[in-house]
Amino acid sequence: MSQPLSYSGHMIALDAGAAYHHFTFTDPALSPFFDEVVYLDDLTEAHLQRADAVLVPCRTPAHRLLPWRDDLLRFAEQGGLLVVMGETQPDSWLMPLPTEPVATNYWWWLTAEDGPELQPADDNHDLFQYVAFADCRWHLHALHTLPEGFCSILNHRSGQSVLLEGPLGREGYLILTSLDPMYHHGSFFMPATTAFLGGFLPWVRKRLNQQIEGALQHDDTATDCSGK
Amino acid sequence: MNPSYLMLGLIQDGPVSGSLQQEASAAFIGFDALQPDDLNWVNVTDWPAVIIGSHADQIALVRQRAGLVRYLNQGGLVIWNGAIAHSPLPELLPFVPMPVRTLAYLTVTQLKVHPLFSQVPAEALTYRKGVAGFWGRGHNPPPPGATPVNGLGPQPEEHPVDWYWARPQGGAFFMHAGNDLFTFADSTELRHTVLENLRNWVLAHHNEGRLEGEIS
């Protein structure tokens, strides 16, 4: 698994105060990827002004994010990278995003015929140089119809996406997933989520490098966002 | 005649789900969603127990610790679910995960008979569909004087996932260092049993005093 040698920019992770968020942010294997962790009630415009990337961890309650909707969109409009993770109801605060909730598939490894139902949208996507596909499989929570201009990284077999990326606004960039690895990792549950974060976060930092370098496509018609 | 509803406060950084409200209602429990700063006015006669959910904003609880202490000093019962990352009281120490999380280390052993687990076998806490770990993956260290209720692994006394602590200054904690105890079970019947036990125990604890409430 290749990783860039150095990371540019300033990434702020938002903290809603749940125990699993803290245990994820303070895990010595993961903490180097967060330049700053900001408790949501302490978030100010100054934080967003100094941030190049803002990460919204899985299971951050949407009612805590809604007051920051305009500021986060402005942050993206000005070239910020926004990383939005699962169970945060982004369709209620970020942007129109067709979302189909799915019953949590707690037992997919016991009922193998159902399977995790996921597949890479493109085997050659550079995320899979960081994350083994097998480590993308734990629970499903929601499926998204791919918005125009975005590309899917992980698909449900229905064709809907659980992990996607693409330009947000004129200058910004969005990475969005309905998966919730931080919740499970920080709850000391589901080893795949630990492995997933170990690759996903360096890949996010690679995207931030690319965003700062102007290497990501911001053309609305762009379909190749593999970063190759 | 149906029993009257027992109203409990629930702090979990979000609304009470319809399914939980419905299941609680069948056990004559009503949940009121509270915010941590509500502890500054919550009255123990109106809410004899306040439940902290495993998704709660613990930083807010730390900042509202004066309200928590105020509620406890009235004789309030706090039922805490989840790992402690941010402790609102000096007696509550951060979560200690099990060093090994294999079946042997996630097996739940009952250390003391407790009314919350009446008609709930330890196996039902250990397994969901044969998978262990849902009940807890570690423990929040108990303060001196706490009573271990359930433990994990081959040395369950050293890993008490559940304990009861009558706070010397007033009030009491029931600590469950895992997923929310009232939603853990797959079976509707088992969830109902736990909710009925919760109602009976909270009422006994409130009406008869904490020591009597501990007698099964």
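This is a predicted model: local features need pLDDT of at least 70, side-chain atom pairs count only at pLDDT 80 or more; totals for chains, interfaces and linings use all residues.
As a general rule, nonpolar side chains in soluble globular proteins tend to be buried together.

A:V83 shows what such contacts look like. Setting aside neighbours within four places in sequence, A:V83 is in contact with A:A53, A:L55, A:V56, A:I175 and A:V204.

## Chain A as a whole

Chain A has 7 helices and 10 strands. Of its 228 residues, 46% are buried. Among the contacts in chain A with a separation of 6 or more, 70% are between residues 24 or more positions apart.

## Helix α4 of chain A

Helix α4 of chain A covers residues 69–77, and its buried residues are A:L72, A:F75 and A:A76. Viewed down the axis of α4(A), these buried residues lie within an arc of 95°, so they line one face of the helix.

What do the buried residues of α4(A) pack against? Their partners in chain A are α2 (45–50), β3 (53–56), β4 (81–84), β9 (161–168) and β10 (172–177). After α4(A) comes A:G79, which has a positive phi, near 105°.

## A:T193 in helix α7

A:T193 belongs to helix α7 of chain A, which spans residues 191–213. Is A:T193 buried or exposed? There are 26 C-beta neighbours inside 10 Å of A:T193, and a residue needs 20 or more to count as buried, so A:T193 is buried.

Leaving out residues up to four places away in sequence, A:T193 touches A:W138, A:P181, A:H184 and A:H185. A:M182 lies 11 residues from A:T193 in sequence, and their C-alpha atoms are 7.3 Å apart in space.

## Where chain B meets chain A

The two chains touch through 20 residues of chain B and 13 residues of chain A. On the chain B side, helix α2 of chain B (residues 58–63) supplies the largest share, 3 residues. Sorted by class, the side of chain B that touches chain A has 8 nonpolar, 7 polar and 5 charged residues.

Terms used: Residues are numbered from 1 along each chain as its sequence is written. Chains are lettered from A and ligands numbered from 1 in the order in which they are written. Helices (H or I, at least four residues) and strands (E, at least two) are DSSP runs, numbered from the N terminus. A residue is buried if 20 or more other C-beta atoms lie within 10 Å of its own, exposed if 12 or fewer, and partly exposed in between; C-beta atoms are placed from the backbone. Two residues are in contact if their C-beta atoms, placed from the backbone, lie within 7 Å. Ala, Val, Leu, Ile, Met, Phe, Trp, Tyr, Cys and Pro count as nonpolar, Asp, Glu, Lys and Arg as charged, and the others, Gly among them, as polar. The arc is that of the directions from the helix axis to the C-beta atoms.
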